[in-house]
Amino acid sequence: MSKIGKKPIPIPDGVKVEIAGNRVKICGPNGCLSRKFHPDFDILEKDGNIIVHPKKEPCFLQPHYGLTRALLANMVKGISEGYSKVLEIIGVGYKAKMSGETLELSLGFSRPIVYRPPDGVKIEVPDPRRIVVKGIDKELVGNTASTIRDFKPPEPYKGKGIKYEGEYVRRKQGKRAVSTGI
């Protein structure tokens with residue numbers, strides 16, 4: 001049995017949970033999320049908690065048990081608090097700005113990159129070298145931040161590019177003169 005899967009998920013105040021078979025809909029102050037789960041699990045709401053139980057005990061359900069519980073916990077946290085990822089831009093002349101709903105990135109290419117975020121994700125640019133990606137769906141926020149980072153990932157020699165806040169970029173030494181000994 002999964003140690004993570006056994007833990008109940010507390011439901012905060014102001015969050016409503018609707019369970020219909022293997023589909024769960026969670027609504028709260030930040031919005032609503034809905035997801036369909038594996039049909040071999042019973043998802044129950046009991047005493048202000050969400051509990052996940054497998055219907056049977058085969059070994060192939062073992063990985064899905066903890067996953068189902070973690071996905072439900074992420075939904076509850078997203079609805080009540082929300083998620084955010086912060087990206088940093090490093091490099092001379094590299095910058096970001098918002099134009100209405102679209103993000104414009106100047107990353108040393110001949111033209112600026114224009115990116116429109118998916119529905120459910122909000123992008124803020126507090127200063128030209130920081131991008132904040134916010135939303136209620138953890139998976140969607142992470143994918144959006146990853147897509148923005150992939151426009152110009154940090155390179156190992158000078159560290160120029162877009163990186164996550166707190167990410168360590170391993171630097172390489174580069175070329176250096178070698179004496180031949182003649």
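Reply: The answers below concern a predicted model and take up a sheet, a disulfide, several salt bridges and a domain record.

Me: Why is asparagine 22 called buried?

Reply: The limit for a buried residue is under 20% relative accessible area. Asparagine 22 has 19%, and therefore counts as buried. Its place is in the loop between β2 (16-20) and β3 (23-28). Leaving aside residues up to four places away in sequence, asparagine 22 touches Arg35, Lys36, Phe37, His38 and Pro39.

Me: How do you know that cysteine 27 and cysteine 32 form a disulfide?

Reply: The criterion is a pair of cysteine sulfur atoms within 2.5 Å. The S to S distance between cysteine 27 and cysteine 32 is 2.2 Å, and a disulfide is assigned. By this rule the count comes to one disulfide.

Me: Why is this disulfide called right-handed?

Reply: The torsion about the S-S bond of cysteine 27 and cysteine 32 is about 115 degrees, so the disulfide is right-handed.

Me: Which class of accessibility does each of the two cysteines receive?

Reply: Cysteine 27, at 14% relative accessibility, counts as buried. Cysteine 32 has a relative accessible area of 44% and is partly exposed.

Me: What makes the contact of glutamate 88 with lysine 163 a salt bridge?

Reply: The nitrogen must lie within 4 Å of a carboxyl oxygen. For glutamate 88 and lysine 163 the N to O distance is 3.2 Å, and the pair is a salt bridge. Glutamate 88 belongs to strand β7 (residues 83-90) and lysine 163 to strand β13 (residues 161-164), so the pair ties together parts that are 75 residues apart in sequence. Lysine 163 counts as buried because its relative accessibility is 12%. The structure holds seven salt bridges.

Me: Where in the chain are the partners glutamate 165 and arginine 130?

Reply: Glutamate 165 lies in the segment after β13 and arginine 130 in strand β12 (residues 130-135), 35 residues apart. Their closest N and O atoms are 3.2 Å apart, in a salt bridge. Both partners are partly exposed, glutamate 165 at 45% and arginine 130 at 26%.

Me: Why is lysine 122 called exposed, and what is the class of glutamate 124?

Reply: Exposed means over 50%; lysine 122 has 52% relative accessibility and therefore counts as exposed. Glutamate 124, at 27%, counts as partly exposed. The closest N and O atoms of this salt bridge are 3.6 Å apart. Salt bridges with shared partners join Lys122, Glu124 and Lys134 into one network.

Me: Where does UniProt place its domain feature?

Reply: An unreviewed UniProt entry gives "domain: Large ribosomal subunit protein uL6 alpha-beta" at residues 11-82 and 90-164. In the model, residues 90-164 are 17% helix and 41% strand, and the end C-alpha atoms of this span lie 11 Å apart.

Methods. Residues are numbered from 1 along each chain as its sequence is written. This is a predicted model: local features need pLDDT of at least 70, side-chain atom pairs count only at pLDDT 80 or more; totals for chains, interfaces and linings use all residues. Side-chain values use heavy atoms; hydrogens and water are left out. Helices (H or I, at least four residues) and strands (E, at least two) are DSSP runs, numbered from the N terminus. Buried means under 20% relative accessible area, exposed over 50%, partly exposed in between (1.4 Å probe, protein chains only). Contact means heavy atoms within 4.5 Å. UniProt positions are given in the numbering used here, feature names are shortened, and annotations may be inferred rather than shown by experiment. A salt bridge is a side-chain nitrogen of Lys or Arg within 4 Å of a carboxyl oxygen of Asp or Glu.
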